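Dear colleague,

I am handing over the structure below, and after it you will find notes on what turned up. Please read them with the structure open beside you.

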Amino acid sequence: MRRIMAALLLMGVSGMVMGQQKSAANKPGATPGAGSVTASIARGKVIYQNICLACHQADGSGVPRMNPPLIKTSFVLGDKTKLITIVLKGLNDDVEIEGEYYSNPMPPQSQLRDQEIADVLTFVRNSFGNKASAVKPGEVKAVRAKLK
Amino acid sequence: MNKFTLATVALATFLTSFGPGVPGTTLKPDADNAGLKLPSGFGALVAAEGLGHARHLTVTPEGDLYVKVEGTRNKGNTIWYLQDSNGDGKIDKKTGFFKYDGTGIEVKGNYLYASSNTDVYRFKLNDKHQVIDTNKAEKIVTGLINRHQHEAKAFTLDNDGNLYVNIGAYSNSCQIKDRTKGSLGMQPCPILDSAGGIWQFKADKANQTYGDGERYATGLRNVVGLDWNTQLNQLFVMQHGRDQLHDLFPDMYDEKQSAELPAECMYALHKGSDCGWPYIYYDQFQHKKILAPEYGGDGKKTGGDHIQDPAAAYPGHMAPNAILFYTGTMFPEKYRNGAFIAFHGSWNRAPEPQKGYFVVFQPFRDGKPAGDWEIFAEGFAGPGEIKSPGQAQHRPCGLAQGPDGSLYVSDDVKGTVYRIIYNK
């Protein structure tokens with residue numbers, strides 16, 4: 001089961017990479033590789049440093065019992081819709097992760113563009129020991145539309 | 001008291017100081033001083049460990065401990081009653097009770113007071129300061145605000161039947177949108193009506209809420225450490241200063257300034273004190289009250305002429321979680337009536353290295369801080385630089401003084417209780 005999932009995930013990632021490269025290539029004047037996962041992670045890192053790092057820390061470990069860690073948690077690795085929703089709407093609730101509770105409110109980050117949210121989440125999902133598929137701007141757009 | 005009586009008292013204190021005492025057992029520091037670095041002549045031992053997220057603690061006249069625990073989400077025991085039956089300093093009896101998470105705990109007279117994040121309770125004690133019925137908690141204060149931020153209701157009591165409860169502001173700097181770049185401060189800040197200050201209640205009246213109490217001091221963002229100074233008959237508190245000057249105002253503050261500012265402040269309160277949050281903060285380099293950027297400040301403009309000055313100021317974000325005026329006789333004379341402060345350790349200094357994670361001594365003279373603060377106990381967090389708070393192995397949180405003059409420090413990472421003694 002695990003192997004099949006891993007294979008599916010891999011196909012998903014490579015499919016996405018190819019898809020994004022294609023769309024980037026289609027756009028006139030786009031920087032080479034701008035749509036690749038690697039480029040998305042690089043852009044996402046800068047956004048993380050400017051917006052997320054103060055609370056979630058440089059190593060993604062968060063602050064004990066205040067700000068949730070971003071290391072291999074189901075929030076980060078699981079359902080992307082849920083993850084995108086947290087970024088857009090913020091969070092003001094007690095969150096349980098591996099038996100510990102985190103209570104500090106997170107302000108909404110809806111001022112970020114779809115591409116920026118996709119980049120920062122792709123960075124988070126592929127840093128701090130995490131490995132998960134990229135988040136695409138289209139996915140952010142869809143969630144944002146539903147929330148409105 | 002003449003010299004002879006003094007000597008007798010001192011001798012008696014020495015002989016009876018180390019718990020009930022069993023022949024052949026003596027109190028001695030652990031070989032590694034419990035991993036702590038201390039001034040010469042001091043030693044430390046691990047009195048207890050594995051208590052969970054141990055917040056504040058209190059010691060009975062018999063030398064037994066009550067430790068308040070949080071983080072169980074009201075599922076586990078949140079008060080531990082600890083005893084050392086043979087006087088070797090190591091806890092060998094432990095019982096748990098009470099189901100509400102929270103920070104504050106204190107034995108006063110024949111009652112044990114403890115707080116949840118909304119209420120303050122008390123338990124009746126017997127003549128050995130043991131809880132008579134752990135299922136019988138009397139609710140003294142109820143219905144205090146809890147909005148997931150600064151929710152711990154730390155408290156202390158005076159000697160005239162009053163209870164002082166911190167109600168932390170559910171906000172960083174009272175912006176219209178909390179912690180959001182570009183959002184201005186609310187004018188006036190509506191949070192101050194029900195939070196952001198110290199409320200005074202009666203220590204012996206059941207079911208009090210806002211209307212029964214009095215806002216004793218305002219303009220305090222969040223206070224976890226507070227102590228009643230019996231020598232001055234005055235309440236002292238340690239404020240947790242605001243976060244994120246750089247994140248919210250990158251044009252005015254760089255990351256280094258944002259790591260150091262604002263100061264974590266000690267205030268000597270009186271009824272009606274206003275310490276200025278959210279309108280101003282204290283800059284320990286300029287020695288000035290600076291207008292908060294959410295209220296038109298630029299890092300230089302001063303503000304709040306009517307606002308009380310801090311009694312002392314410390315580097316930013318170190319999170320003072322306890323203050324204790326030392327009245328014991330075990331430690332050398334210089335410590336008497338001075339203040340120990342437990343700095344839980346910062347998180348809002350990233351990407352700069354974190355700071356704190358130690359216990360500080362602040363000398364006092366004639367009732368005022370006198371001279372520079374000094375690190376008294378460090379090494380809680382473990383070796384090396386702390387980049388993020390999750391790396392800290394232990395974090396000092398609560399302080400208490402034993403009947404023999406020992407200083408107890410609780411750790412809310414792994415629930416270790418340290419006992420610091422002087423042995424020269």
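Strand 14 of chain B contributes the most to the lining of the second largest pocket, giving 6 residues. Strands here (E, at least two residues) and helices (H or I, at least four) are DSSP runs, numbered from the N terminus. A pocket is an open set of points, on a 1 Å grid over the protein atoms alone, where a 1.4 Å probe fits and which has protein on both sides within 12 Å along at least five of seven lines, and its lining residues have an atom within 4 Å of a point.

Before going on, please note that this is a predicted model, in which local features need pLDDT of at least 70 and side-chain atom pairs count only at pLDDT 80 or more, while totals for chains, interfaces and linings use all residues. Residues are numbered from 1 along each chain as its sequence is written, chains are lettered from A and ligands numbered from 1 in the order in which they are written, and side-chain values use heavy atoms, with hydrogens and water left out.

The second largest pocket has a volume of about 770 Å³, a volume being the space filled by probe spheres set on the points, with grid points joined across faces, edges and corners. Its lining has 33 residues, and B:Thr58, B:Glu106, B:Asp227, B:Leu324 and B:Gln401 lie nearest the centre.

The largest pocket, for its part, has a volume of about 1,100 Å³ and is lined by 50 residues, with A:Ile51, A:Cys52, A:Leu53, A:His56 and A:Gln109 nearest its centre. Elements of both chains give two or more residues to this lining, including helix 5 (114–125) of chain A and helix 3 (255–260) of chain B, and helix 2 of chain A gives the most, with 8 residues.

The backbone of chain B also deserves a look. A cis peptide bond, with omega about -5°, joins B:Gln187 and B:Pro188, and B:Pro188 sits in the loop between strand 11 (162–167) and strand 12 (197–202). The bond from B:Trp277 to B:Pro278 is cis as well, with omega near 0°, and B:Pro278 is in the loop between strand 17 (273–274) and strand 18 (280–283).

B:Ala34 is not a glycine, yet has a positive phi of about 60°, and this residue counts as buried at 13% relative accessibility (buried means under 20% relative accessible area, exposed over 50%, partly exposed in between, with a 1.4 Å probe and protein chains only). B:Asn337, also not a glycine, has a positive phi of about 70°, and is partly exposed at 26%.

With best wishes
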